[in-house]
Amino acid sequence: MKIYQKSWTEGIAESINGCSSIFILADSNLPVSYIDEVIDACGKSVPVFSHLLLGGEGLKTLDQAESIYQTLNEVGADRRTLFICLGGGTMTDLGGYVASTFKRGVKLVLLPTTLLAMVDAAIGGKNGVNLKTPQGLLKNQIGTFYLPDFVGLNVDWLESLPGRELKSGWAEMIKHALINGDMTFLERVLKCDKEDLHKLIPESAQIKANIVNQDPLETGIRASLNLGHTVAHALESVCEDLRHGEAVAYGLAFTLYASNHRTECIDPILNGIEKTLELPEVDEIWGVMVKDKKNTSGNVTDVMYNGNDIDVNFIWNKNEFTKKWDDFRKKHS
Ligand SMILES: NC(=O)c1ccc[n+]([C@@H]2O[C@H](COP(=O)([O-])OP(=O)(O)OC[C@H]3O[C@@H](n4cnc5c(N)ncnc54)[C@H](O)[C@@H]3O)[C@@H](O)[C@H]2O)c1
Ligand SMILES: [Zn+2]
């Protein structure tokens, strides 16, 4: 599977073949000109409907999914409707889920507009929404594996993206470089050169796609993509106002630190967040991690970085984790 080989407009033109109508789900935070560009790219051969929702984690609910099914029904969408999703990872996760379930699945095109979605969320066919429970929100508990017909890239759409969101995506690119073990690529990523993004994005997305191809349903090696994410998910549930990629940056820095590797590569992302964030004490973060259902006997399974190799079955016991976490926390407070 080669990622981002064709231009996004060409890809849309091909995906339209055989469709009865087009439904565009787009983030209302985007400049209107982006949505107009996509409508233009759809041409006039079939009816085009657009539906705007505000992007962000709050979007990923079954209620929102239902409201989109209802709109699809109102506009007369059928099994040959092409579903296009324009937005960040929350939009591609929700839209992908709706497209995979409406009438048991309609053709899907993803047009990611955040760096994080371009290199990660829109790649690999996973989608989903969060589940509301009396204990709080459980992330990505409802979802499917559903490959889009096409994923399109337009780096110009990043121009309006706030700096904080850009850094967030950068963290996932660093993760891909670490997993891939390609130090030249890591060095290029670390330069944070915006001019290089049009090359870095396809390369980073391709690293993920190659891993997904080997293990589409995550029974083994795909778990390596969770590098840094055990700590990241716990931080996300404990700390308010933390972006996913920011939590990943901390998760990666901790993983590198815990495996005695240099952590400087993450500093440019952590600088800036550190002024406002206080890392939680060990009991708080451990308490969240240990609840994950893949863990047994009070230990925590994690993905560990070993230089050239990623161990997807690393086990922490609380004592060892506490030592590392306390030191790491001191270093970052
Ligand atoms: N399915 C997967 O494999 C996968 C992988 C990684 C992450 N994810 C999911 O992705 C989500 C995070 O994605 P995200 O960081 O893109 O978040 P997001 O969709 O919330 O976008 C971040 C913010 O930027 C705004 N925005 C988006 N594009 C913009 C643009 N071009 N200009 C201006 N504003 C813009 C959005 O409205 C939002 O406020 C999480 O829910 C995570 O679970 C999924
Ligand atoms: Zn992630």
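Student: At what angle do H6 and helix H8 (residues 197-214) pack, and how far apart are their axes?

Tutor: H6 and H8 pack at an angle of about 55 degrees, and 9 Å separates their axes. Helices (H or I, at least four residues) and strands (E, at least two) are DSSP runs, numbered from the N terminus. Axes are lines fitted to C-alpha atoms, for helices over the stretch in contact, with angles from 0 to 180 degrees between N-to-C directions. The angle makes H6 oblique to H8; under 35 degrees is roughly parallel, over 145 roughly antiparallel, 65 to 115 roughly perpendicular, the rest oblique. This is a predicted model: local features need pLDDT of at least 70, side-chain atom pairs count only at pLDDT 80 or more, and totals for chains, interfaces and linings use all residues. Residues are numbered from 1 along each chain as its sequence is written, while chains are lettered from A and ligands numbered from 1 in the order in which they are written.

Student: Is the crossing of H6 and H8 left-handed or right-handed?

Tutor: H6 and H8 cross in the left-handed sense: the near helix is turned anticlockwise from the far one by less than a right angle, clockwise being right-handed. H6 also passes H10 in a left-handed crossing. The axes of H6 and H10 come within 7 Å and cross at roughly 40 degrees, so H6 and H10 are oblique to each other.

Student: How do helix H9 (residues 229-238) and helix H10 (residues 244-258) pack?

Tutor: The angle between H9 and H10 is about 135 degrees, with their axes 7 Å apart. H9 and H10 are therefore oblique to each other. Their crossing is right-handed.

Student: In what order do the five strands of the open sheet stand?

Tutor: Two strands pair if DSSP finds at least two bridges between them. Here the order is E2-E1-E3-E4-E7, with parallel pairing. Strand E2 (48-53) and strand E7 (150-151) are at the edges, each with a single partner strand, so one side of each has no neighbour in the sheet. Within the sheet, strand E1 (residues 21-27) and strand E3 (residues 81-87) share six bridges in the parallel sense. Serine 21 has threonine 81 as its bridge partner in E3.

Student: Do strand E8 (residues 300-305) and strand E9 (residues 310-316) run parallel or antiparallel?

Tutor: E8 and E9 run antiparallel, joined by five bridges. Tyrosine 305 is bridged to isoleucine 310 in E9. Four residues lie between the strands of this hairpin, in which glycine 307 takes a positive phi near 75 degrees.

Student: Which residues come nearest to ligand 1?

Tutor: Among 30 residues around ligand 1, the nearest are Asn29, Gly55, Gly88, Gly89 and Thr114. A residue is near if its C-beta atom, placed from the backbone, lies within 6 Å. Helix H4 (89-101), helix H5 (115-121) and helix H6 (163-180) are the elements giving two or more residues to the shell.
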